[in-house]
Amino acid sequence: MLKRAFVAPDPGRVRLRFASRAVLGIGLAVTLCGAAGHTLTAAVTGGLAALLALFTVTDPTVRGQAVTTALLPAVGLPVLTLAAFLHDLPVARDLAFLAVVGAGAYARRWGPRGHALGVFAFMTYFAAQFLHTVPARLPELCAAVLLSLATSSAVRFGAWCYERRSPAPSAVAVPTGGRGLARVTTRQAVQATVGAAIALFVGQALSDQRWYWAVGATWWVFVNTASRGETLVRGFRRFLGTVLGIALGLVVAVPLHGEPVASALVVGAGVFGIFYTAAVSYTWMMLSVTVMASALYGLLGLLDPALLALRAAETAVGASGAVLAVLLVLPVTTHSVTDAWVERALRCVHACTAEAAARLAGAATADPSRRVAELEQILARVRMSLAPLVHPLSPLRARGDRARHVLALLDDCAHEVRGLAAVAADPEASHDARLVAACWRVEAAVEALTAPMAAGRHPGAADAAPPVAPALSAPPVAPALPASPALPVAPGLAHLHALERALLELAVPLRRADHIPADA
């Protein structure tokens with residue numbers, strides 16, 4: 001787990017730049033809030049707004065990102081106002097919170113923008129509970145939010161807009177389709193609301209002051225998941241990351257006793273960890289979140305071991321609420337989701353190969369590094385989808401072995417594609433006519449693995465993953481793939497040959513009549 005989080009490939013150093021820019025943007029936002037005379041509570045609110053803007057806004061274009069960021073206050077400030085005015089009305093406050101949960105989850109049907117606005121609305125309401133916001137504090141908090149969003153936007157879209165030169169792929173959101181309860185986002189909105197209601201009720205029985213932690217745990221378990229199995233695994237990883245973070249917080253944050261400079265450094269390290277590990281390890285991201293939250297509680301003068309123990313208990317309640325909801329309320333099965341994401345990974349492998357070949361052929365506009373970064377995100381989504389099968393506690397050993405085989409071969413493909421992109425980036429590299437033939441064989445291998453399955457699509461697959469044909473539900477007999485003549489060991493050709501071999505080997509686990517994933 002540690003290796004996957006911190007030694008995982010980072011093509012173009014996208015994760016490193018993403019995390020470094022976040023620390024800069026959030027740190028500058030909080031600093032300006034302090035310089036403007038805002039209280040610590042307002043600075044924390046502004047810092048959270050900046051964090052959410054930098055983390056959740058993932059539109060595929062810079063222009064789209066700017067528009068979504070500009071829309072955040074239009075959603076967040078009314079929610080903050082509502083939470084403040086309902087602060088002393090527990091029943092109305094709780095019902096409004098559940099409504100925000102359902103609406104925020106349902107908003108994912110509108111893609112990355114809906115996802116970002118839904119998360120921002122939820123977290124604004126959550127922050128109001130965390131900070132015990134009352135109407136008299138609204139002007140200062142709203143001013144801090146606006147100042148922080150403006151500051152983080154100046155960093156993201158002005159001082160350090162690395163996407164303008166090398167556009168980063170947007171985060172994988174849950175595409176939608178169908179109508180009514182056939183739509184995954186509709187089902188998940190119902191599930192999230194039910195799970196949050198369970199968490200709210202039990203969480204308040206544990207603590208009438210920190211109950212919102214349980215609701216927050218339920219909410220984040222549902223974010224970026226698309227099936228029952230994924231949600232179960234994510235709930236386990238959230239709890240594990242929280243427990244590990246609490247253990248680290250006892251060692252790091254508690255002894256600081258809220259000392260400002262040291263605590264601020266711990267918060268900065270937590271922010272960096274959240275952004276750097278989010279794409280590769282949810283457990284490590286949650287560890288970073290918990291350490292950051294512990295340091296913030298220290299700054300607010302509220303941190304002690306009992307509080308951290310309560311956080312662990314509330315997190316367990318929230319994760320359990322999510323598990324009960326996905327098991328009992330409108331469950332979404334796993335196999336169609338996995339089919340489509342494996343298909344998309346294979347298509348991206350071919351796109352990466354084509355871009356690299358075009359670059360080697362002299363096309364100055366071809367950019368394989370962008371496709372490689374996209375492939376890394378898609379593979380992360382494949383791993384999430386297959387996580388229920390490869391988990392150590394899974395009883396489905398045979399299918400788990402096949403899932404691991406698929407993941408290993410897809411990782412081999414990604415390795416060869418990264419090598420090919422590196423060769424293509426070398427200004428001394430020259431075009432070899434044999435690259436064309438090798439790319440044709442790669443394309444033929446991808447088509448043979450995926451194209452025949454359009455007729456076998458599961459009805460709900462378009463609702464849970466991109467509109468592509470399933471790759472795992474093929475008939476047992478695979479069409480013949482083109483023969484692979486021996487290639488010279490020239491770097492580009494060697495990578496293409498190894499890539500073709502990995503694709504040929506994928507025919508074995510992907511062409512079985514029984515699916516790799518089960519209805520987890």
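Reply: Gladly. On a 1 Å grid over the protein atoms alone, a pocket is an open set of points with protein on both sides within 12 Å along at least five of seven lines, a cavity is a set where a 1.4 Å probe fits but cannot get out, and lining residues have an atom within 4 Å of a point. Points are joined across faces, edges and corners, and a volume is the space filled by probe spheres set on them. This is a predicted model, where local features need pLDDT of at least 70, side-chain atom pairs count only at pLDDT 80 or more, and totals for chains, interfaces and linings use all residues. Residues are numbered from 1 along each chain as its sequence is written, and side-chain values use heavy atoms, with hydrogens and water left out.

Me: What volume does the second largest pocket have, and which residues lie nearest its centre?

Reply: Its volume is about 970 Å³. Of the 43 residues lining this pocket, Leu48, Leu51, Met292, Ala293 and Leu296 lie nearest the centre. Helices here are DSSP runs (H or I, at least four residues; strands are E, at least two), numbered from the N terminus. Helix H12 (282–299) is among those supplying at least two lining residues, and H12 gives the largest share, nine.

Me: How does the lining of that pocket divide by class?

Reply: Ala, Val, Leu, Ile, Met, Phe, Trp, Tyr, Cys and Pro count as nonpolar, Asp, Glu, Lys and Arg as charged, and the others, Gly among them, as polar. The second largest pocket has 32 nonpolar, nine polar and two charged lining residues.

Me: And how many cavities does the search find?

Reply: Rolling a probe the size of a water molecule over the atoms shows where empty space is left. In this model, four cavities of 30 Å³ or more turn up. The largest holds about 90 Å³, and its lining includes Thr45, Leu48, Phe120 and Val145. That lining has nine nonpolar, three polar and no charged residues.

Me: What does the second largest cavity look like by volume and by class of lining residue?

Reply: About 70 Å³ of space lies there. Among the residues lining this cavity are Arg108, His115, Gln188 and Trp219. Helix H5 (90–106), helix H6 (111–130), helix H8 (184–206) and helix H9 (212–222) each give two or more residues to this lining. By class, the second largest cavity is lined by six nonpolar, three polar and one charged residues.
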